[in-house]
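Here's a quick tour to read with the structure open beside you. Take it one topic at a time, and find each piece as it comes up.

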Amino acid sequence: MALRRYSMFAVAREALRFHAGWERAWQSPAPKKRYDVVIVGAGGHGLATAYYLGKVHGITNVAVIEKGWLGGGNTGRNTTIIRSNYLQDPSAAIYEKARSLYEDLSQDLNYNVMFSPRGLLMLAQSEHEMRGYKRTVYANNLQGVETRWITPSEVKDLVPIVNIDGPRYPVLGALYQERGGTARHDAVAWGYARACSAMGMDIIQQCEVTGVRTANGKVQGVETTKGSIDCGKLAIVVAGHSSVLAEMAGFRLPIESMALQAWVSEPIKPCMDVVVMANLVHGYMSQSDKGEMVIGGGTDGFNNYTQRGSWHHVEETTRALIETFPIISRLKMLRQWGGIVDMTGDRSPILSKTPVENVFVNCGWGTGGFKSIPGSGWAMAELVAKGEPGPLAADFGLNRFKEGRFIDESVAAGVAH
Amino acid sequence: MLTLTCPYCGVTVEETELAPGGEAHLKRFGPGASDEDFEGYLFARKNPKGVHFERWRHAYGCGKWFLAARCTATLEVFGTYPAQTTEPPAELIAKINEKRPNWGGWK
Amino acid sequence: MSTRLAKGGRLIDRAKPLNFTFNGKPMRGYAGDTLASALLGAGQVMLGRSFKYHRPRGLVASGAEEPNALVNLGRNNRHEPDQRTTTTELFEGAEATSQNHWPSLEFDVGAINDTFYRFLPAGFYYKTFMAPRFAWKHVFEPIIRQSAGLGAAPKEADPDRYEQAYDYCDVLVVGGGVAGLAAALTEARAGKRVIVMEQTAHWGGRAPVDGGQIDGQEPEAWVAAAVETLSGMANVRLMLRTMAAGLHDHGYAIGYQSVGEHAADGRPRHRLWRVRAGLTITASGAIERPIAFSGNDVPGVMLASAVRDYIVNWAVSPGDRVVVVTNNDDAYRTALAVQAAGLTVPAIIDAREAATGELPELARARGIKVMTGRGVAKVLGRKSVTGVEICAQAGEGGVIETVACDCVAMSGGWSPVVHLWSHCGGKLVWDDAAAMFRPDAARPPTGAAGEPLARVVGAANGLLQLGTIMDEAGIPAVSEVEAPLLPVWVMPAGAKEKLKFKAFLDYQNDVKVSDVQLAAREGYESVEHTKRYTTLGMASDQGKLSNINGLAILSDALGRPIPVTGTTTFRPPYTPISFGAVTGEARGELFQPLRRTPMHGWHEAKGAHWEPVGLWRRPYCYPKAGESHRTAVNREIVNTRTNVGLLDASTLGKIVVKGPDAGRFLDMLYTNMMSNLGVGKCRYGLMCNENGFLSDDGVVVRLSEDTWLCHTTSGGADRIHGWMEDWLQCEWWDWKVYTANLTEQYAQVAVVGPKARMLLEKLGGMDVSKEALPFMTYAEGTLGGFPVRVFRISFSGELSYEIAVPANMGLAFWEALNAAGEEFGVMPYGTEGLHVMRAEKGFIMIGDETDGTVIPQDLGLGWAISKKKEDYLGKRAQERSYMTDPKRWKLVGLETLDGSVLPDGVYAVAEGHNANGQRNTQGRVTSTYYSPMLKRGIAMGLVLNGPDRMGEVLEFPGDKGAVFKAKIVDPVFYDKEGEKANV
Amino acid sequence: MSEAISALKGASHTGFATVAEAGLTGMISIRADLTSKALAKALKGLGLATPDQRKVVSSEGRSVAWMSPDELLLICTYEEAPGLSQSLSDALAKEHSLVTNVSDARAMFTISGEKGDEVVMKLCPVDFATFPEGEMRRTRAAQVAAALWRSGPQEISVICFRSVAAYMLGLLEVSSRKGGEIF
């Protein structure tokens, strides 16, 4: 199934016939009896896993099954931030892999995901934070992640609307990643879906997994609302519901599902070109291409599967952002929403083999899932294809909890993002 | 924005007066425990989509910890009880069984 | 041409004219006007430009659903973008400007997009702008960003104030129309505590405009009587200008009240209500739907109900010649109202094959031409309507007749406002006959006990006739009987592409029928996909007018029933609310609580440079005039080490632990033994979490046989107290231990330096000699008349006393020390001096040497870990393989070869790169300072096999290619023998 | 003791209600088995009794409030607090208990006036319309812990930690500002 290429020329050609000639972006097939690999979850991570399975490892007899609509989970609910300024080596490696893949993703997928490396900065508002971010800069420089420390006046130049002389927490500088930024979240899922479909993979929506079939400790297939599907390997990539799927497969994960919220203002003309995170006061904000100020804060502290968070987080984060950006006080909040995130024991993700042979999990991205999609898919594809983790996934195994070998990023980022 | 009733104070308070504390009825494993038991104690979580037993502290009130049975899919609260127990009260279990007949039990 | 009518207007007060401007042009309206009605009354039809094609746009609606007529309101620090004119009450001096155009509303360069509309279908940007790669960021995105957005960004901080308030009720009624008022009466009479929120400034909703009779009275009279009755009931609270923004879990409703908007009289601008309601009755009414026909966005095309609202409520005529386009009977009321106002209705275009209801008959009887089976092929005009081309509804748009007009009143039926019902999980059901989604009473949102959280009445429940609405409340009412509508989603039914490319669904975002059909064709089949691909319903009206039409067209394109397609999720708020209101009082000084020690004011008066520590603010140093922070810190250190320094240590946590099992408990909490500490003695202790990581440290004092005092870090007091209570309440509840957090009961002062004892002896009152009060002991007594607890502990390596006095005497005691110490050269010192001095001594600092991944064993603190104890919190964790790995980095001292100061946070590099291409490392700096005593840089760090590599030189890459070379040394830099503290 | 000063030295503001720091106040925290006879006896000696759940018992200028299932708060004059604290401690010496003088750790405020409830409605998630006299409610005032009760006709008293006294007065001041009347 060849992909009909998108281009300015193609749009112009279609314009003449009122766009009657466009094909489906992805097919909607019925499930086959068996696949080499079944991926549960057609979010960004699941679709990216499928894409790199095909592109890098030549495995295309793949189904991606999705209980709702593709990209409808956290992929379509986040604040679209992309960065890789992580402190610990394993995190920096996988997030930077993701970020670098984002650089070319539009061209690679022939679908404009609008990756916008507009620059991202994390404000330092205490001595302690300043030391933490400087440490991160030094670590990043050795990790091949381009970040630098910038002064308050450089912050002000980049973000004229920021109040650097806040009465409570003056800005002491910032950790700046010039090639961090945002992308159009839905387009990432759609672009991967289109490319997977073009490789002959089946994306099966409205198909809920109801059971995992195993024999002698090895996976055989899955039961779904569209019937039984056999598989050689099974990849569980269902952020928010990871524990539910693990339970079906017969094991428990170090994960709790919690609500994370985001909200936007009404659209206004451009006033902020970069992404700003103010972790000390728990808030972050960027301005979308549509003009909305996109805001997020912290997660709820209790288990929740409703995709609705608690209102007080909205108040807490908004007040922090008004202190940081006084001009937003008279803007109006247009819409708030929530997603369910996987929070792991050390707040870092899991890409791992499991107690069941040929079942692999990719979960636990917490609040950092969107930015990692291409890297996560790349590493997961390698894990699934080879049966063993490659260097990107090696440190993210489930065994780390037993060994006490945590990947703890809380030093550098105390807030969801 | 949840409301829960503190079993010590007898008042129904909102979430902002409380601090959540994760899964309840975990058995502590200390020195001498196997790696598996210790890992299970610290990390393996039921995290059910449904009835969940969990810890809350009446942080802005009496300061006491209490336990709650709550549905994570609907946020219905079946009941709260003091933390000084190793298992949920029988009448609470009966109530949940009545409301959620297909529930798998608290263990 | 719109104009103000000479008579009528039930809501305006012609005796109170108000002046305002639009794009600088002076205009006049009346008290009671909305900004929209005033603009329309002043003849201003075109009010803005659309988002994508920059098409001219005017008012469509008269209420919260208005998508087009948004303006910049006010100027300077009261500038507010995207203000909805239909919900803005007119006020004297209002300054409005139109949005999203350049250089002017009348001539907008961006309108070129409209010329190339064919090249800009839904999602065109996903298919284009990909090459060359750099162009997206540098060319395309900036253009798109600049042309998107609506109002101008504010430039200044907001001078107004905002409030929040909590309230509680049995029943919250949302909507003050007749259904809401009737429900409120019923509930209130049953003795319930009732709150009624109405978003507008008036009670009664649509009924006074639409007519009929309630309980034998005109609706207006019935409303007045109902409001009077309710006002007189103690259990009822009526709130106008309060929009119920959201219904959250467990019945938590957010109300957005406009209080002192545009009235600089001390009132808050907005008040955000957080109401906990046992039951919420949504009486939020219904919203009329537009019909999709070509040119349905030309200024002058309006909802039929809005046209009669403007005439009846505000005596504003949207046009002299009003063509009505409808698929239902209700719109005939508009024709009648237009005619009654003395204006002309050239035709009523009814898509139905027959119109035989009471209202059509009445219209015909009044001489109005009714054309059935007809539709609009196209609206003529660009900046305002000049006419309509009429066609057969069943056809493809062949023009039968052209009618000149300056206003088109359209009605595609009504959609109940189901937002609040849906916010926390209430489900909807599709009503085929009425062509609407309405709340499914069998599947309401549920609350804390699983009970229904909401009930729905009136038009919000899909009841559109006055009689049936009031029947619910047992109140007799009548209105004209209406015949069924005909679902019409596109006009004409067989419209060709060219027409569908100008038939708008989402006005603000410029989403047309053709866009939704394209999305369906390309496989964006889920309603969420269609929404996101086309941006249908994502504008600042959140699809109030467009969603149902859009999903009907999507369903049609996919050949599936509407209920299978379903709706997108309804999310709060119902209409946008100011961030200021969301923040309430929490701004400026009240943004966060600032914790102050009793001596805070003294520090402030002495010009302390502050450092935030949790919610506290501690003096970092006390710079004198002309002194840099660096110099001040050095001065404070040298003075402390040679004379005597004072530190405000009040923020240190102080937790009393008492009881027969207190010793046993502390043995579990700390890594070392505390049960065997002698009474009157002090011991440094470490606390770990169950993961084995070091979480806090401090000196523990045994006050008496069964009582200990645990000092914690400044940031740690509440956390550690909570941690203690957690274990006592949830794990060892049979242990007899009580705790009390006395952190704030005492002000604490560290009196530090060789002359510390002399200073205290001068104050007098108790024996502070080495013999009476040796190092690491404690005594109670008085000093200078103050009741004190004195601890001989040292975090600086100097002779040091930490002295606690009751907090209310803290300032006096601090001043007494300063006064008495003058002859000894006493000076206060801040946290930075404290940090440098502890580093000179090789003492670790929680948060510097630890970062949540460090265990005590890493820090050479093995001596503080009891080998005898079977258990303590964190012990099992520290036995795990990674924790006992000999390759863990260990604490050492670091000295640069050239005496310079290592940068904070630098890493020591090792040979080669890891499998991910990252440079290998073998250590890092945890704290680094200039030591004024040693006159060189000193640092501590964690290094691979560090303690076994004394003397080795490591390389630390710094900024801009600089490489620091530092030698591994013992971490104690100053007074290695510890002679100074123990004197 | 003459040098003791309360956190805000009795600062006050008058808007539509009057809000004031109450000055030096004695407060003693008692952690004990609340069914204890020794406790009952000791309180009786002060003319008080062990309060029931959430209740406040007052007599002759002193009050004792139920704070948690094993904690009471005795409110008295600042001057008598150290002595009372010691004598209560002695009275309970034979049982597991912890008596501490917390007078300096707290600040107390009063809100007086007909519309006093409207001040606290803006700050605390409490239903003041049903909040009875004789009850102590521990809750949250904006971002800090608070305990409050109806201490007199048209008077509410609030206790918070000393370090946040200025924040509390700031909250009360802004919430009682003229023009901010709710009803």
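Which residues are buried in α9(C)? They are Tyr332(C), Arg333(C), Thr334(C), Ala335(C), Leu336(C), Ala337(C) and Val338(C). Before we go on, keep in mind that this is a predicted model. It scores ipTM 0.97 and pTM 0.97, and chain D averages a pLDDT of 97, with 99% of its residues at 70 or above.

**A covered helix in chain C**

- Helix α9 of chain C runs over residues 332-340 and is mostly covered, with 7 of its 9 residues buried.
- What do those buried residues pack against? Their neighbours in chain C are α6 (207-210), α8 (304-314), β19 (322-326), β20 (348-350), α10 (358-365) and β25 (407-411).
- Look just past the end of α9(C) and you'll find Gly342(C), which has a positive phi of about 85°.

**A five-stranded sheet in chain C**

- Chain C has an open sheet of 5 strands with mixed pairing, and the order to trace is β3-β2-β8-β6-β7.
- β3 (25-31) and β7 (80-84) of chain C sit at the edges with a single partner strand each, so one side of each has no neighbour in the sheet.
- From one strand to the next, the twist averages 40°.
- Zoom in on β6 of chain C (residues 70-73): it runs antiparallel to β7(C), and 3 bridges join the two.
- One pair to look for there is Leu73(C) with its bridge partner in β7(C), Glu80(C).

**Where chain A meets chain C**

- Chain A puts 82 residues into this contact, and chain C puts in 90 residues.
- On the chain A side, the elements that each supply at least two residues are α1 (8-15), α3 (89-103), α4 (105-109), α5 (127-143), α7 (185-198), α9 (311-324) and β16 (332-344).
- The largest share of that side comes from α5(A), with 10 residues.
- Sort the chain A side by class and you get 39 nonpolar, 20 polar and 23 charged residues.
- There's strand pairing across the two chains as well: β16(A) and β33 of chain C (residues 577-578) pair in the antiparallel sense over 2 bridges.
- To spot this pairing, find Met333(A), which stands opposite Ile577(C) in β33(C).

**The two domains of chain A**

- Chain A splits into domain 1 (31-111 + 184-254 + 346-403) and domain 2 (120-180 + 257-344).
- Taken over C-alpha atoms, the centres of these two domains are 27 Å apart.
- Where they touch, 30 residues of domain 1 of chain A are in contact with 28 residues of domain 2 of chain A.
- On the domain 1 side, β3 (81-82), α3 and α8 (242-249) of chain A give two or more residues each, and α3(A) gives the most, with 5 residues.
- By class, that domain 1 side has 10 nonpolar, 13 polar and 7 charged residues.

**Domains in chain C**

- Chain C is divided into domain 1 (3-112), domain 2 (160-286 + 413-482 + 574-590), domain 3 (299-410), domain 4 (600-651 + 745-829), domain 5 (656-730) and domain 6 (874-969).
- For domain 4 and domain 5 of chain C, the centres are 25 Å apart, taken over C-alpha atoms.
- Their contact involves 9 residues of domain 4 of chain C and 7 residues of domain 5 of chain C.
- The domain 4 side of this contact has 6 nonpolar, 3 polar and no charged residues.

Notes. Residues numbered from 1 in each chain as written. Chains lettered and ligands numbered in written order. Predicted model: local features only at pLDDT ≥ 70, side-chain atom pairs only at ≥ 80, totals over all residues. Pairing = 2+ DSSP bridges. Helix = DSSP H or I, 4+ residues; strand = E, 2+ residues; numbered from the N terminus. Axes fitted to C-alpha atoms, helices over the stretch in contact; angles between N-to-C directions. Contact = placed C-beta atoms within 7 Å. Nonpolar A, V, L, I, M, F, W, Y, C, P; charged D, E, K, R; others polar. Domains from an automatic or database assignment. pLDDT = per-residue confidence, 0-100. Buried ≥ 20, exposed ≤ 12 C-beta atoms within 10 Å, placed from the backbone.
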